[in-house]
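Hello,

Here is the structure for your pocket work. My notes follow it.

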Amino acid sequence: MIIDGVGMRCVDVADAAGLADALTRNRAYMAPFEPRRDEAFYTEAGQRARIEALLEDHEGGRLVPYLLVEEAGGTPIGMMNLGSIALGPFRSGGVGYWVDQAWNGKGVATAALLEVCRIARDELGLHRVEAGTLVDNTASQRVLAKAGFEQIGLAPKYLHINGAWRDHRLFQRLLHDDPPM
C-alpha cells in the first residue's frame, strides 16, 4: 500500500479492461494534458496492446510500468511509469503519471512518486529521476515539489499534447551521490 486505500504494482495484461474503463472515465479530464488518442486507445483491446508493449519495454530494462489500484476491489485509478532508464555513468530515468480525477488532491500521486523514487534508488541504482509538466500544470508541479523534485529548466515545444507542441517545465530529483554500481 502506498497510501490508505491505494496500492501500486506492476501492470499486467489482465488489467486491460479496468484500465480502459479508468481512461474512458477520465478522458475529458485528462485531454488537456495528453496526446490526442484514437478511439481504439480507450478499448480493452487497445489497452491490452499498450500493456503488452509496456511489458516488452519492461523486460528490456527500459521501463517499469506501475498501476495504481484501489485496495478494495483492485480498480485501476492511475499509472506511474518510470521509463527512459539509462544505466552506465548516467543512471537516470524519467517519470510520467496520471491519477483518476476522483482521487486527485488526496496524496496518491505524491505517495506513488516517492515510492518510485525509492525503487529507482534502492533497487535500480539510479542517480536521478526527471519529469516534465506543461507550463500551466501547477497541480503536477506541486506533486513534484512535494516529492523532492526541483525545476531545472524550460523545454520549448517539448511534447505534442492535445494537438499542439507544448512548452514544458523540466524537473529532477537527485537520489544519491554514490558512484555508479
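**Helix 5 and its neighbours**

The buried residues of helix 5 pack against strand 4 (92-99), helix 4 (108-122), strand 5 (128-134) and strand 7 (164-174). Contact here means heavy atoms within 4.5 Å. Helices (H or I, at least four residues) and strands (E, at least two) are DSSP runs, numbered from the N terminus.

This is a predicted model: local features need pLDDT of at least 70, side-chain atom pairs count only at pLDDT 80 or more, and totals for chains, interfaces and linings use all residues. Residues are numbered from 1 along each chain as its sequence is written, and side-chain values use heavy atoms, with hydrogens and water left out.

Helix 5 spans residues 138-146, and its buried residues are Ser140, Gln141, Val143 and Leu144. They cover an arc of only 155° around the axis, so they sit on the same side of helix 5. The arc is that of the directions from the helix axis to the C-beta atoms. Buried means under 20% relative accessible area, exposed over 50%, partly exposed in between (1.4 Å probe, protein chains only). Just after helix 5, Gly148 has a positive phi of about 90°.

The largest pocket holds about 1,400 Å³ of space. Its lining has 48 residues, and the closest to its centre are Val95, Gly96, Tyr97, Trp98 and Gly132. By class, that lining has 26 nonpolar, 14 polar and eight charged residues.

The second largest pocket holds about 160 Å³. Among its lining residues are Leu23, Arg27, Met30, Glu34, Phe41 and Asn162. This lining divides into six nonpolar, two polar and four charged residues.

Grid points are joined across faces, edges and corners, and a volume is the space filled by probe spheres set on the points. Ala, Val, Leu, Ile, Met, Phe, Trp, Tyr, Cys and Pro count as nonpolar, Asp, Glu, Lys and Arg as charged, and the others, Gly among them, as polar.

**Asn81**

Asn81 is found in strand 3 (residues 76-86). Asn81 is buried, with a relative accessible area of 17%. Leaving out residues up to four places away in sequence, Asn81 touches Leu63, Val64, Pro65, Tyr66, Gly94, Val95 and Gly96.

**Overall**

The protein has five helices and seven strands. Of its 181 residues, 43% count as buried.

Best wishes

Notes: 1 Å grid on protein atoms, 1.4 Å probe; cavity = no way out; pocket = protein on both sides within 12 Å on 5 of 7 lines; lining within 4 Å.
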